[in-house]
Amino acid sequence: MRRSEKSKDTKARLAPKQKISYEKKPDPAITEYAVQSLNWLRQAEFLMSAPKLALCVEDSGYEIAFAGRSNAGKSSAINALTNKKQLARASKKPGRTQMINFFSLGNPDQRLVDLPGYGYAAVPEDMKRVWQKELENYLIHRKSLQGLVLLMDIRHPLQHFDMMMLEWAYSRHLFVHILLTKADKLNRGPANKVLLEVKQQLKKMKLDFSIQLFSSLNKLGLEELASVMAGRLHFTLDQELEFDVDAIPEASNEDAEE
């Protein structure tokens, strides 16, 4: 072999190998549905508030209810999802949501529902009992209810009331999608560790519920949540919509999440 050929061969062997990506490419159809689902949810408008089941909107169509402990990030999640900063009132004081709040999604027969937070709330015990009774009535008797989005602070998942809600939903064959909220409070590794641990705990309990990480602050998990809700509320791709995720107002670090 001549010297020039040997030199060329050596360079070829020493050249860095091209990096190969093994990441799975997202399905374009799934991505489109997620984006358009988010845009559809931007149509959310306040419909009404009701202190008890008898005064709720007509029990027809489809609705998904957001439930969780007080200060789990319920109001902030709804605001981020709908791209409306003040649609659901977030407060530094846990337990502010004291009524069943209904929001229409461009159609009064497709609704998002914000339920009173359970657990801690700075109200008298007799008022807590009233809330609990009305929450129970809604969950048992509401025929249009398609499922729950159950929010848990990622730093304190599967608390007593959360477990009660999950077991009750399972007994009534009710769909549940779990959000581990405030995921921005943990680094990616610890957050994924909590996600895995909660999944394993649900498996031990034989609860086949979906679960994801979520953060209203950095918009983590919006597309996944929107797709889940849209599917349960019978949303279809009837028209082209545009949606800019970066247009979502960011939550303030000073605002507590309810």
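Let's start with strand E4, which is covered on both faces: Gln110, Leu112 and Asp114 on one side, Arg111 and Val113 on the other, all buried. Buried means under 20% relative accessible area, with a 1.4 Å probe and protein chains only. Strands (E, at least two residues) and helices (H or I, at least four) are DSSP runs, numbered from the N terminus.

This is a predicted model, so local features need pLDDT of at least 70 and side-chain atom pairs count only at pLDDT 80 or more, while totals for chains, interfaces and linings use all residues. Residues are numbered from 1 along each chain as its sequence is written, and side-chain values use heavy atoms, without hydrogens and water.

Why is E4 largely enclosed by the rest of the structure? Because five of its five residues, 110-114, are buried.

Now the neighbours. Two strands pair if DSSP finds at least two bridges between them. Strand E2, residues 62-68, pairs with E4 in the parallel sense over five bridges. Isoleucine 64 has leucine 112 as its bridge partner in E4. Strand E3, residues 100-105, runs antiparallel to E4, joined by four bridges. There, phenylalanine 102 stands opposite valine 113. E3 and E4 form a hairpin with four residues between them. In the turn, glycine 106 has a positive phi of about 80°.

Zoom out. Seven strands form an open sheet with mixed pairing, in the order E1-E3-E4-E2-E5-E6-E7. The edge strands, E1 (44-50) and E7 (210-213), each pair on one side only.

Key
Buried < 20%, exposed > 50% of the residue type's maximum accessible area, 1.4 Å probe, protein only.
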